[in-house]
Amino acid sequence: MSTPALALEGLTRTFTRRRSAPRTALDAIDLVLPAGGVHGLLGPNGAGKTTLCRTVSTVLLPSAGRAAVLGHDVVADAAWVRREIGIVFGGDRGLYERLTAEENLHFWSAMHGLRGRAARRRSAELLERLGLAGRARERVETFSRGMKQRLHLARGLVADPSVLLLDEPTVGMDPVSAHDFRGLIGQLRSEGRTILLTTHDMAEAEAVCDTVTFVDRGRIVGAGTPSDVRRLLERGQRIRVYGIDASALAVLEEALVGAAPEDAVSLEYEEGAGSVLLTVTGGEETVAQVLMAIVQAGHTAITAAPLSLEEVYLGLLGAGDRGMQL
Ligand SMILES: Nc1ncnc2c1ncn2[C@@H]1O[C@H](COP(=O)(O)OP(=O)(O)OP(=O)(O)O)[C@@H](O)[C@H]1O
């Protein structure tokens, strides 16, 4: 097998602070990602995505375990790793707002050892490529979120890295800019680069990634391909049962006991509407058993709809403690 782009072995990062208990942001992560392609790291706020990017990019030291980029250890071979990777963080960090786009890129080119004409050529190339040539001489503070993110990406590409870490790059962008930015990610992929993309947007992961790894509370809770994600989306239903009063509710609750695992069904009684909303997470079989139990309890006024991305995602994260496999 060729050298993986990223190999994490028991990677752990704990933050210790004087007055509070230590916080484990990465908890013994094992992960191998092949060279080439877009690899998504999906997780909610606080999952550990940024800490992982910062550790892999040598900004933070691991507390335990190891991480290697293209076979080079991020601690022992930090200088090599820094040369070989590009980092793009979402949000406002890392750009000099008072400088123009061009000045920012000249600065970052200089940081990578490019001077004079070489720096100017590289900056011009990147500004052109990222659709910013027309605004090259304007201050970054006048840019939209999408333009700033494209400039961030230009900055990440200055050293022509083979591995790019994109940490929530489309956060705060309008849908059109986010769509265009995903197009750029596709282009970078087709040039043979490896892209690690963190996001909390499941649809984004499905749209651009070759593999997705779900993280929650510093641990990996699932991994698979976008078609696994698609299957997840098709999993589970929201079922509404009408014509329910308090006594019918008790009967229905009883009928559901044993029909499906307890944590696969959540029930919300809407007294005013006289209906019950059941959120069922699980495969087709679980949904079928729940529907059967409802019908057997004497109800036929039922509607069912697939779960939203958000609901499936939360269901998956909830399953993390049980060691979920996609
Ligand atoms: N410098 C730090 N000092 C103390 N705790 C930290 C530090 N950086 C991160 N943490 C904690 O580590 C955990 C993981 O944070 P991290 O920023 O890596 O998550 P994330 O998945 O990137 O979330 P977000 O999407 O909100 O950026 C959180 O509980 C966070 O509070």
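The structure is a predicted model, in which local features need pLDDT of at least 70 and side-chain atom pairs count only at pLDDT 80 or more, while totals for chains, interfaces and linings use all residues. Residues are numbered from 1 along each chain as its sequence is written. Helices (H or I, at least four residues) and strands (E, at least two) are DSSP runs, numbered from the N terminus.

**Domains**

- The protein chain is assigned domain 1 (6-223) and domain 2 (235-319); such bounds come from an automatic or database domain assignment.
- The C-alpha centres of domain 1 and domain 2 are 41 Å apart.

**Helix α3 with helix α4**

- Helix α3 (residues 101-111) and helix α4 (residues 116-129) have axes that come within 9 Å and cross at roughly 125°; axes are lines fitted to C-alpha atoms, for helices over the stretch in contact, and angles run from 0 to 180 degrees between N-to-C directions.
- Because of this angle, α3 is oblique to α4; angles under 35 degrees count as roughly parallel, over 145 as roughly antiparallel, 65 to 115 as roughly perpendicular and the rest as oblique.
- On the α3 side, the contact is made by A101, E102, L105, H106, S109 and A110, and on the α4 side by A119, R122, S123, L126 and L127; two residues are in contact if their C-beta atoms, placed from the backbone, lie within 7 Å.
- This contact of α3 with α4 comprises six nonpolar, three polar and two charged residues.

**Helix α3 with helix α5**

- The axes of α3 and helix α5 (residues 145-157) come within 9 Å, crossing at roughly 25°.
- The angle therefore makes α3 roughly parallel to α5.
- A101, N104, L105 and W108 of α3 make the contact with L151, A154 and R155 of α5.
- Five nonpolar residues, one polar and one charged form the contact of α3 with α5.

**Helix α9 with helix α10**

- Helix α9 (residues 246-256) packs against helix α10 (residues 284-296) at an angle of about 140°, and their axes are 9 Å apart.
- This angle is why α9 is oblique to α10.
- In α9, L252, A255 and L256 meet V290, A293, I294 and Q296 in α10.
- The contact of α9 with α10 has six nonpolar residues, one polar and no charged ones.

Methods:
Nonpolar A, V, L, I, M, F, W, Y, C, P; charged D, E, K, R; others polar.
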